[in-house]
Amino acid sequence: MMEFVKGENRFFKEDENGKLIAEVTWVPSGDSLVILDHTFVDESLRGQGIASELVEKVADTMRAEGKKIVATCPFAKAEFERKPDKYNDIKA
């Protein structure tokens with residue numbers, strides 16, 4: 001599993017040169033909702049499940065904060081639909 005840095009409303013990973021190679025972002029909406037709006041994984045890392053890890057990281061964080069997620073990012077939306085057992089409790 002990849003280690004991500006937590007930023008302001010995002011988790012991300014940079015390579016050794018400081019280039020962004022993976023990122024997920026969300027926008028707070030009121031006290032109990034966030035909108036997961038963007039997932040990015042560099043082409044060099046595609047196919048390794050990193051985008052799934054990013055979505056899972058946001059879900060775990062929001063569960064801990066007692067918030068629900070509205071996924072507007074196409075990847076996150078598909079991930080929620082593909083894995084209902086994993087995400088139905090967190091889906092707004």
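Predicted model: local features only at pLDDT ≥ 70, side-chain atom pairs only at ≥ 80, totals over all residues.
Leu36 is buried, with a relative accessible area of 0%. Leu36 belongs to strand S4, which covers residues 33-41. Apart from neighbours within four places in sequence, Leu36 is in contact with Val24, Thr25 and Trp26, with Val55 and Val58, and with Ile69, Val70, Ala71, Thr72, Cys73 and Ala76. Lys67 is 31 residues from Leu36 in sequence, and the two C-alpha atoms are 12 Å apart in space.

Leaving out residues up to four places away in sequence, Thr39 touches Glu23 and Val24, then Ala51, Leu54 and Val55, and finally Cys73 and Phe75.

The next step is the sheet to which S4 belongs. It is an open sheet of 5 strands in the order S1-S2-S3-S4-S5, and the pairing is mixed. Its edge strands, S1 (5-7) and S5 (68-71), each pair on one side only. From one strand to the next the twist averages 30°. Strands of a sheet pair through backbone hydrogen bonds, and they do so either parallel or antiparallel. S4 and S5 run parallel and are joined by 4 bridges. Across this pairing, Leu33 stands opposite Lys68 in S5.

Helix H2, residues 74-82, lies across S4 and S5 and runs at about 120° to S5.

The largest nonpolar core here has 24 residues, and Leu36, Leu54, Val58 and Ile69 touch the most other members. S3, S4, H1, S5 and H2 each supply at least two residues of this core. The largest share, 7 residues, comes from H1. Ile69 gives an example of how such a residue is surrounded: beyond four places in sequence, it touches Val34, Leu36, Val58, Ala59, Met62, Phe80, Ile90, Lys91 and Ala92.

The structure holds 2 aromatic pairs. In one of them, Phe11 and Trp26 have ring centres 5.5 Å apart and planes at 45°, so this pair is tilted. The pair links distant parts of the chain, since Phe11 is in strand S2 (residues 10-14) and Trp26 is in strand S3 (residues 20-29), 15 residues apart. Phe11 is buried, at a relative accessible area of 3%, and Trp26 is buried at 5%. Phe80 and Tyr87 form an aromatic pair that is stacked, with 4.8 Å from centre to centre and 15° between the planes. Both Phe80 and Tyr87 are buried. A charged side chain also meets a ring: Arg10 lies over the face of Phe12, at 3.7 Å from the ring centre.

Notes
Residues numbered from 1 in each chain as written. Heavy atoms only, no water. Contact = heavy atoms within 4.5 Å. Buried < 20%, exposed > 50% of the residue type's maximum accessible area, 1.4 Å probe, protein only. Phe/Tyr/Trp six-rings, centres within 6.5 Å; stacked < 30°, edge-to-face > 60°. Lys NZ or Arg CZ within 6 Å of the ring centre and 35° of its normal. Pairing = 2+ DSSP bridges. Axes fitted to C-alpha atoms, helices over the stretch in contact; angles between N-to-C directions. Core = buried A, V, L, I, M, F, W, Y, C linked by side-chain atoms within 4.5 Å.
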